[in-house]
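Hi,

Here is the structure I promised to pass on.

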Amino acid sequence: MSEKRSLWGSKVGFLLAAIGSAVGLGNIWRFSYMAYENGGGAFLIPYLTALLCTGLPLMILEYALGHREKASPPLAFARIHHLWEPLGWWMPVVAFSGITFFYTVIISWCMNYFCLSFNLGWGADTQAFFFNRFLRVSDSPFVLGGIRWPILAGTVLTWLICWSICYRDVRHGIEKASTIFMPLLVVLTLILVGWSLRLDGALDAVKEYYLKADLSKISLFTAAGRKVWVAAFGQIFFTLSLGFGIMITYASYLPKKTDITGNALVTCFLNCLYSVIAGFAVFGTIGFMAKAKGVPFEEAITGGPGLAFVVYPEAINQLPLLNHIFGVLFFLVLIVAGISSMISLIEAFSCSVCDKFSISRKKASSVICGIGLFGSILFTTRAGLLILDIVDHFINNYALILGGIVECVVVGWLLKSQVMRRHVNKSGGLRLLPLWDISVRFITPGILFIIVSGALLGDFSAAYGNYPVNALLLYGGGVLFFTWLTAFVLSHFPWKSEKLKVKHDPDKSLF
Ligand code: PHE
């Protein structure tokens with residue numbers, strides 16, 4: 001049975017859902033660490049440049065494509081040219097099987113730690129607890145070593161929550177959830193920031209390591225400085241959830257008259273603002289912990305899961321009062337940010353499946369969440385952390401960036417960026433300038449190409465994370481191959497012919 005395409009109930013609902021997708025774990029544990037490593041306040045210069053040069057243009061591109069075609073990525077691509085359909089599938093397939101399988105498991109860790117916060121169940125040695133008692137990490141990515149049941153339980157719960165949201169129509173599912181989650185996230189984060197900054201030693205750490213700009217670290221004349229710029233571009237791409245087809249999907253539910261440029265600006269700005277604000281909480285808390293334990297800040301700070309599951313519990317242990325509540329608050333922030341990103345990842349794939357196979361979204365999301373749960377089991381094993389690290393590296397460095405390049409080629413060159421710009425300007429709102437064409441056709445794909453080449457060179461010169469090469473090939477290469485194969489197979493099912501036909505207004509009078 002085919003359903004009528006849903007629409008967002010309001011502009012705010014759409015924006016909250018898009019920002020909910022963009023604001024995720026990366027804003028909290030990735031941004032702060034990158035800022036610290038790459039020159040503190042000075043990191044904002046490459047970060048904002050990356051936002052303006054690639055983030056914003058690509059966000060406009062994804063919104064515009066989804067809005068113009070009213071379609072998921074595979075259908076939108078197939079309408080431009082049928083040969084590109086597999087690439088249109090690849091993005092949501094990567095979002096689903098490359099990311100959600102492990103993203104749910106990380107949310108499950110947060111749920112477990114949320115419960116542990118009530119009695120500080122991680123004990124005094126938070127590092128040993130996380131790696132040896134909670135994850136019981138095995139020695140090699142090949143030794144699965146059995147399932148960690150508490151982690152599986154949280155994973156089942158996460159999939160259930162996501163399913164209960166995604167299976168309803170957009171307005172009553174994702175939009176409603178986002179209108180609850182996002183204000184909640186903002187309030188919880190602001191409380192956390194206010195609380196963190198009042199801790200002893202917090203403000204000094206913020207001033208010394210976060211706000212002070214070390215401009216020498218971002219010099220384009222040194223190799224290390226250039227690396228910072230590449231890192232900033234990578235972070236912008238990841239943090240805005242670009243290259244997965246998510247924003248294409250979300251924009252396909254927008255009404256005809258929509259301010260595409262304005263919406264893209266707001267999404268990008270608020271997402272980055274959230275990162276900067278969350279940074280105050282992270283630097284403040286670590287500054288407090290470093291002072292309380294008498295260790296240098298440089299030794300205390302770390303990025304990724306180590307920050308949330310080792311450093312934060314440690315800081316919580318040191319708090320003079322209300323430590324349980326602080327822990328509950330912090331892990332709740334991570335859970336809410338994670339789930340609002342998760343639903344967007346599921347939606348990109350489920351919308352594509354509904355478009356192609358004309359099945360109801362209830363059926364599609366139920367099957368997809370069922371398969372997702374099954375796929376997540378691998379990451380709940382004792383080798384889960386290691387496999388996750390490998391898969392994450394390959395998806396972020398290759399699949400995501402390649403997705404972005406493909407979008408630029410398809411829209412910038414095949415469809416022609418002027419056609420898309422005209423569509424944006426006809427839809428109302430802020431005017432999109434011709435500069436956007438240059439960005440989408442040359443600047444953005446050029447920069448993404450440099451990033452992907454750099455990653456490739458790095459991977460060929462040294463095995464990522466010192467993992468055995470066959471593990472990298474099996475899990476990293478395997479996920480890229482498997483997602484590509486799935487996309488290829490899915491693209492070979494026939495479309496209902498009326499889906500491929502769509503009447504666009506003639507594009508003659510432009511330029
Ligand atoms: N944007 C999210 C973050 O910064 C991560 C994410 C990427 C979520 C892609 C969904 C899709 O954490």
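Below is what turned up around the ligand and in the nonpolar core. Keep in mind that this is a predicted model.

Let's start with the ligand. It has 14 residues around it, and the closest are Ala 22, Gly 26, Asn 27, Ser 241 and Phe 244. Sorted by class, that shell holds seven nonpolar and seven polar residues, with no charged ones. Four helices each supply at least two residues of the shell: α1 (11-22), α2 (25-37), α10 (223-239) and α15 (323-357). The one that gives the most is α2, with three residues.

Which atoms of the protein pair up with the ligand's nitrogen and oxygen atoms? On the oxygen side, a polar backbone atom of Leu 25 sits 3.1 Å from an oxygen atom of the ligand. On the nitrogen side, a backbone N or O atom of Thr 239 is 3.1 Å from a ligand nitrogen atom, and a polar side-chain atom of Ser 241 is also 3.1 Å from a nitrogen atom of the ligand. On its own the ligand has 320 Å² of accessible area, and the protein covers 100% of that.

Now for the core. The largest nonpolar core has 182 residues, and Trp 8, Ile 28, Tyr 63, Trp 109, Tyr 113, Phe 309 and Phe 331 have the most contacts inside it. Helix α17 (residues 384-426) gives the most to this core, with 21 residues.

Cheers

Note on methods:
Residues numbered from 1 in each chain as written. Predicted model: local features only at pLDDT ≥ 70, side-chain atom pairs only at ≥ 80, totals over all residues. Heavy atoms only, no water. Core = buried A, V, L, I, M, F, W, Y, C linked by side-chain atoms within 4.5 Å. Buried < 20%, exposed > 50% of the residue type's maximum accessible area, 1.4 Å probe, protein only. Near = heavy atom within 4 Å. Polar contact = N/O pair within 3.5 Å; in protein donor to acceptor, adjacent residues only side chain to side chain. Areas by Shrake-Rupley, 256 points an atom, 1.4 Å probe, with all protein chains shown as cover. Nonpolar A, V, L, I, M, F, W, Y, C, P; charged D, E, K, R; others polar.
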